[in-house]
Amino acid sequence: MTMKIETSKLNPIAAAVALLMMHCATPALAQQAGTPEASAPTRDNTVIVTGSRTAKAVDKIPGAVSVISAAELATSLAISEDATAVLARTVPGYSESTQAMSNTGETLRGRIALRLFDGIPQTSPLRETNRSGSFTDLGVVGRIEVINGPSASEGVGASGGIINYISKTPTVMGNQISVTSKVNSQFHDDSVGYKLGLEFMHKDEAFDLLFATSEVDRGMGFDANGRRIGMNASGSLQDTTGRNIFIKLGRRFGANNEQRIEAQASKFRLDGKGRYVYQEGNRAQGLTDTSVPGRPFEGMAEFNDFRQYAVSYTNEELFGGSLQAQAYHATQAMRFVAEKGGADKQDPDIAPLGTLTDQSEVNSKKKGLRTGYTRGTLFNVEGLEIRGGVDVVRDETEQRLALTNRTWVPPMEYSSTAPYAQLSWDTGPLTFSGGYRRESGELNVNSYTTTYYNNRQFVQGGELSYKANLPNAGAVWRIGSGWSTYVSYGKGFSLPNVGIPLRNINKPGQSVAGILDLQALIVDNKEIGANWRGRNASFSVSAYKSYSDFGVSLSIDPVTNDFIMRRQPVEIKGFEMTGEYTLNRDWRFNALYSRVRGMTVAVDGGPLVIEQGIANINPDKIGASVTWSYNNQASVRVGASTLLGRELNQGRSQFEKTAGYTLFDMTASYNTGRYGELTLGVENLFNRYYILTASQIPGFQNYAAGRGRMVSLSHNIKF
């Protein structure tokens, strides 16, 4: 199935709604300044997050939590429109950004994280496409909450952690209109890009509305030597256009405004322009992949097409507790780059071997219901709180070869019902918590025939049942003088990218029920950490260990250079630190460090002796930034990010050596007052030439240099 959308219809709709909103706007009220997002520190310097399905202070959560504020998001967007770069810069355990539409190899503490947008999954566990990093314009996001490690608050896909992108909510009474414009360039031919965005917010005593639309045009990317960067085999951000429309309406009602109903709709489309053709480089000569003008093999342009609709209901005074319920429907379609001569896509019945052009397309749709009920002072015990609910989801996904209309991954349907309960008790300086989630799902796969490359084998369809008990426990001790420490244990559950083993079957007599690689991924995670928060500084440190006896590792097929999924025991250990210091009202410093090590077996049943490489585990990372706010209107920030070099598996066939690099970026902002705010952003400040770490290991069309210096000038004005 091929999804077609008339993207040209987006602009008139956006313009009409924008004009209507401007007409009804009240300029006097719009001059009021915004208030901090919900994740900002409160007056007692406590950070509140909602990633555990209910608002909770960070120092009462037994685990490492990162909150990326609206200000940090704005800083990242001023540097580039790369949606995952902000995670790579600010979250210790998040790996190197691919600088592409694809987020292949981007992991959180060495495992795939569950990405949510307002609680709605942005990927399918049935066919993890590694394209879930580009699903909306980050301009509509108010904050990002990152919860590391397995979580009982979410089910399938959350074995590595949760990355929840939370949309903005109006906080100022009256109307606000914000217009954003941006132009960027690398000062090479066809490298110019731009962004135009409009945001309208309205709030009164009971009703609030957020409407946002944007259009982003990205130019061609160049490395520091002025060479065009090669088009990514899974989809590039360079030479694309993106359009986004988001609307959210909420209304409070009831005797004390204790109830709220909210509806939202999001439509995001990212399209390749199809003006450049990938050209292979030469590793032996150090010549990276590049791009030349032309249409990619007469194929169709690649795209990401993400849409979601949701209705939520909250009652804060129901039988002494609070109820939250959300029903959603989401469609996610992704078309990959056209490929000529790819071995796994050839069929002599269609064209002579080595001449066929084709491209794959994944279509996924999901429906779900998420519910939760929270009640404190349980059994009249002060500080004793229970949270519980049930999640229901139905996910349908398939992958086809779009140009020849062939099945590559058959239609799959996963349905799950998962009740959960979590108990916590705050008593003095201690918080104890424990919970349980019961995953109960069924996977149905139709009978199908594999492609010519896999010997056209008939595979008998069938049903697989997944049952898993997921307990967790933890404790936090607030020692005093700003110090706290915690320990935690939890299990996570996920499916293992079901589509890969299904499409790779090449032997006769196979059935879905007999494929061992379809077994669930269960992860045991243990963690210990400490936090300190003072008047002018904060510091956190954590160490963790996660183990799965039937884990997932990726390796490269020597024939196709594509990824092969291996189901073997995997153990991951890591250590990370973050810190912030405010010298005075003018100067602020931030730093982070992350070290992750993953081990697997050389042969089935053997010891854990093989170090996991760049396809799974990121090298050690160091990050730092300094911000100088030299008056109330102006500030300058300079950041640095270092990935260290490493050598793995010396003396083994899995030997891997990568070189490290350090990049600097800078932003400078000046608020003119009535004429808006101007921001200069510079990515790769010193124009450092480097090869992306993931590209230093041979793979399919992956020998890519990183972006050279890019300069952006943004303007934002509020009415």
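These questions and answers go through parts of a predicted model.

Trainee: Which residues touch the most other members of the largest nonpolar core?
Mentor: This core has 28 residues. In soluble globular proteins, nonpolar side chains tend to be buried together. The members that touch the most others are Leu87, Leu138, Ile144, Ile163 and Tyr165.

Trainee: Which residues does Ile144 touch, not counting residues up to four places away in sequence?
Mentor: Ile144 is one of the core members with the most contacts to other members. Its partners include Leu87, Ile163 and Tyr165.

Trainee: How many residues are in another core that lies apart from it?
Mentor: Among the members of that other core are Leu126, Val445, Val459 and Ile505. Its size is 22 residues.

Trainee: Is Phe319 buried or exposed?
Mentor: Phe319 sits in the loop between strand 15 (303–318) and strand 16 (321–335). Its phi is near 50 degrees, a positive value in a residue other than glycine. The relative accessible area is 68% and the cut-off is over 50%, so Phe319 is exposed.

Trainee: What is the relative accessible area of Asn455?
Mentor: Asn455 lies in the loop between strand 23 (448–449) and strand 24 (458–460). Phi of Asn455 is also positive, near 70 degrees. Asn455 is partly exposed, and its relative accessible area is 45%.

How values were computed:
Residues are numbered from 1 along each chain as its sequence is written. This is a predicted model: local features need pLDDT of at least 70, side-chain atom pairs count only at pLDDT 80 or more; totals for chains, interfaces and linings use all residues. Side-chain values use heavy atoms; hydrogens and water are left out. Helices (H or I, at least four residues) and strands (E, at least two) are DSSP runs, numbered from the N terminus. Buried means under 20% relative accessible area, exposed over 50%, partly exposed in between (1.4 Å probe, protein chains only). A nonpolar core is a set of buried Ala, Val, Leu, Ile, Met, Phe, Trp, Tyr and Cys residues joined through side-chain atoms within 4.5 Å. Contact means heavy atoms within 4.5 Å.
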